[in-house]
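I opened the model to look up a few items and kept notes as I went. The entries follow in the order I made them.

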Amino acid sequence: MMSNNIQLILCVESNNQARTDYFYIQSVLDYFYSIKENKLSYIFLGSKHKYNSKKTIKDIKKRTKDFAQSANRKSIVIYFLDKDYNNLRTEDKNFIEVVEKYCLDNEYLLVWFVKNIEEVMLNKEEPNKTKIKKAQTFYRKELIKLIDVDRLNAPNDVNTAGKSNILTILNSIKEIKRF
């Protein structure tokens, strides 16, 4: 059996119970990429504002260290966050700038969803009470096959509602192959 080439540490907004972001992101990975011997490790933030919490930093360091112990293997950290109202609200604009600097300083990759992951994947906003069911259905029924790829292939400074740079970022990782 081949050893893992890299570990992708995927830091997502949703919590571990809801796992809504997981279903959408895993759909993208399953449909567009061959992960093969690479390892996926999800970190559920519970809120985008916990991107740099002590627990998140500790989880990233532990997973990176544990993975590297055998054969000095590499981990790539990717944050998956919603831009919400983007540049329309000062608090969102400031948050975006701080997170972008944090990721740049730590050499982490950053995927944005404008306005949120549901708007990108479902082409509409989803009420909180139905988010879990919609995400599970999206994954189970492979609804990723119906998405216009241009919605997922925006530039890294994406600001257009209903768009994301998820494919732009994932395509930049040479260790994973696109189908």
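In which helix is Tyr 102 found? I looked it up: Tyr 102 is in helix 3, where helices are DSSP runs of H or I of at least four residues and strands are runs of E of at least two, numbered from the N terminus.

Notes on the source. This is a predicted model, in which local features need pLDDT of at least 70 and side-chain atom pairs count only at pLDDT 80 or more, while totals for chains, interfaces and linings use all residues. Residues are numbered from 1 along each chain as its sequence is written, and side-chain values use heavy atoms, with hydrogens and water left out.

Entry on Tyr 102. I checked burial next: Tyr 102 has a relative accessible area of 15% and is therefore buried (under 20%; exposed is over 50%, partly exposed in between; 1.4 Å probe, protein chains only). Setting aside neighbours within four places in sequence, I found Tyr 102 in contact with Tyr 51, Asn 52, Ile 57, Tyr 79 and Tyr 108 (contact means heavy atoms within 4.5 Å). Asp 82 is 20 residues from Tyr 102 along the chain, and their C-alpha atoms are 16 Å apart.

Entry on strand 1. I took residues 6–12 and found 7 of the 7 buried, so strand 1 is largely enclosed by the rest of the structure. In a regular strand, side chains alternate between the two faces of the sheet. Ile 6, Leu 8, Leu 10 and Val 12 are buried on one side of strand 1, and Gln 7, Ile 9 and Cys 11 are buried on the other.

I then looked up pairing, which requires at least two DSSP bridges between two strands. Strand 1 runs parallel to strand 4 (residues 74–82) over 7 bridges, with Ile 76 as the bridge partner of Leu 8. Strand 1 also pairs in the parallel sense with strand 3 (residues 39–44), over 6 bridges; here Gln 7 has Lys 39 as its bridge partner.

Entry on pockets. I used this meaning: on a 1 Å grid over the protein atoms alone, a pocket is an open set of points where a 1.4 Å probe fits, with protein on both sides within 12 Å along at least five of seven lines, and lining residues have an atom within 4 Å of a point. The second largest pocket is lined by 17 residues, with Ser 75, Ile 76, Val 77, Glu 107 and Tyr 108 nearest its centre. Helix 2 (54–68), strand 4 and helix 3 (90–106) each give two or more residues to that lining.
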